[in-house]
Amino acid sequence: IINMAKQWYQRRVRGEESVGITFEQFMTFNHFLDHLDDVEILVSVYFAAGMKFNKASLKKVAHVVADVELDPHIIDVVFTIFDDNGDELLSSREFISVLKERAHRGLEKPSDTGFVRLITALGACIKSYVKGEEL
């Protein structure tokens, strides 16, 4: 977080304007994330071949795996967030492991809010009341 704050401050000092992310850019990146297992395989091939995983590599992987063109701004944002040591390279630990954790925290699994149990209990109470039974 400290590195991200330093990078943000350096950009502000240089006068670079902060640019937001459009919905289309978000959806494109999200489509890329839907192919995270394939991305992980390709990234591991990069490392096995002794290649560095830089911004151009990310753009190429996104194109090959998910058939999307990541906007340069999105790539900059990804590197700002995930490049812990500021070397303009991503490691598997910096990138893939964090995104895999994200997938496990998402809404892919239904969560029980208790609403269904409440409705079921109310239904049982109403049914008992109509039949004249005591609870």
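The questions below concern the salt bridges in this predicted model.

Q: How many salt bridges does the model have?
A: A salt bridge requires a side-chain nitrogen of Lys or Arg within 4 Å of a carboxyl oxygen of Asp or Glu. By this rule, the count is two.

Q: Which residue forms a salt bridge with D76, and how far apart are the closest N and O atoms?
A: D76 lies in helix α5 (residues 72–82), and its partner lies in helix α4 (residues 55–66). The two are 21 residues apart, so the pair links distant parts of the chain. The partner is K55, and the closest N and O atoms are 2.8 Å apart.

Q: Where is E88, which forms a salt bridge with K55?
A: In the bridge between K55 and E88, the closest N and O atoms are 3.4 Å apart. K55 is in helix α4, and E88 is 33 residues away. E88 is in the loop between α5 and α6 (96–105).

Q: Is K55 buried, partly exposed or exposed?
A: Buried means under 20% relative accessible area, and exposed means over 50%. The value for K55 is 27%, so K55 is partly exposed.

Q: What is the relative accessibility of E88?
A: D76 has a relative accessible area of 30% and is partly exposed. E88 also counts as partly exposed, with a relative accessibility of 42%.

Q: Which residues are linked in a network of salt bridges?
A: K55 forms a salt bridge with D76. K55 also forms one with E88. The network therefore links K55, D76 and E88.

Technical notes:
Residues are numbered from 1 along each chain as its sequence is written. This is a predicted model: local features need pLDDT of at least 70, side-chain atom pairs count only at pLDDT 80 or more; totals for chains, interfaces and linings use all residues. Side-chain values use heavy atoms; hydrogens and water are left out. Helices (H or I, at least four residues) and strands (E, at least two) are DSSP runs, numbered from the N terminus. Buried means under 20% relative accessible area, exposed over 50%, partly exposed in between (1.4 Å probe, protein chains only).
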